[in-house]
Amino acid sequence: MNRRTKLACLAWLILLPAGTAALEPSAGPPRSIGSPANGCLAGALALPFDGPGYSVVRTPRERYYGHGQLLDYVKNLGIRAAETGLGTLLVGDMSQARGGPMPYGHSSHQHGLDVDVWFQVAPRPPFSPLDALRDPGVQPSLLNPSRKDLSPALWNGSQTALLRLAANAESADRIFVNPVIKRELCRSAPGAWLRKLRPWHGHDDHFHVRLACPADSPSCQPQAPLPAGDGCGAELDWWFQPRKPERKPAAPPQPWPAECEAL
């Protein structure tokens, strides 16, 4: 390791919050346990940092682990993106080596079936072996400064094509995008494929894919089935209606699955 790489790694260690040292994956086959926001991952697999059509970003966070089906999903999405000329996908957070809650950034991504993919793509593999941080910088938001519409300078057909590829994979259960993005797709690219695209605030510089529970993970808790229809219309309009802030009592924390305690 050269001096530049050592300094870069040291900088990341200084910036990381206390208690973020990652464990090694546990032994055995991959198993997703619990739910996205209250679970863990046994037998995690590490996504190679680079593959056809994709590159992993910010690898010092050590959030590039997942169930085997998630790794297959990312690899296949990269291949399809490359075949259609979309460029190199930048893959963000997946899960930690044994899943579980992260010290910052997410409440989900805990059971190895979630991945963030940036809307920003690279025209070629963007990182050299000497780039220890693999950090392309701040991701540009696709929203304009008012955050009420998309930026005409950044929104183009490539995002629609990429989201369609992501949604058409059978293993993808749902994909979170900003409500403004969903509204534009309902207008410009209607179809049954939009059902998987779920509006959620944030998600204006990346989209968040969540896979369905794999057959080999009986302790994985599936989410409720998606509503019928494409999710446009009244269901989407709700996100744009003015609402008064509500003070709801905090829900009692759910106990962590016993299998996760054992990890």
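**Notebook: rings, sheet and cores**

I began with Phe49, which is partly exposed, with a relative accessible area of 32%. I keep in mind that this is a predicted model.

Next I looked up Tyr64. It counts as buried, at 12% relative accessibility. The cut-off for buried is under 20% relative accessible area.

I then searched the whole structure for aromatic pairs and noted 6. Phe49 and Tyr64 form an edge-to-face pair, because their ring centres are 5.0 Å apart and their planes stand at 75°. Where do the two residues of this pair lie? I found Phe49 in the loop between strand 3 (45-46) and strand 4, and Tyr64 in the loop between strand 5 and strand 6 (65-66). The pair therefore ties together parts that are 15 residues apart in sequence.

I also noted a cluster. Ring pairs link Phe176, Trp200, Trp238 and Trp239.

Then I checked for charges over rings. Arg63 lies over the face of Tyr104, at 4.3 Å from the ring centre. Arg183 lies over the face of Phe240, also at 4.3 Å from the ring centre.

Strand 9 (residues 172-177) and strand 11 (residues 206-211) run antiparallel, and 4 bridges join them. Phe176, already listed in the ring cluster, has His208 in strand 11 as its bridge partner.

The largest has 47 residues. Leu163, Ile175, Ile181, Leu185, Leu197 and Phe207 have the most contacts inside it. I listed the elements that each supply at least two residues of this core; among them are strand 8 (114-122), helix 3 (157-168) and helix 4 (179-188). Which element gives the largest share? I noted helix 2, with 6 residues.

I looked up the contacts of Ile175, leaving aside neighbours within four places in sequence.

Conventions: Residues are numbered from 1 along each chain as its sequence is written. This is a predicted model: local features need pLDDT of at least 70, side-chain atom pairs count only at pLDDT 80 or more; totals for chains, interfaces and linings use all residues. Side-chain values use heavy atoms; hydrogens and water are left out. Two strands pair if DSSP finds at least two bridges between them. A nonpolar core is a set of buried Ala, Val, Leu, Ile, Met, Phe, Trp, Tyr and Cys residues joined through side-chain atoms within 4.5 Å. Buried means under 20% relative accessible area, exposed over 50%, partly exposed in between (1.4 Å probe, protein chains only). Contact means heavy atoms within 4.5 Å. Rings of Phe, Tyr and Trp (its six-membered ring) pair if their centres lie within 6.5 Å; planes under 30 degrees apart count as stacked, over 60 as edge-to-face and the rest as tilted. A charge sits over a ring if NZ of Lys or CZ of Arg is within 6 Å of the ring centre and within 35 degrees of the ring normal.
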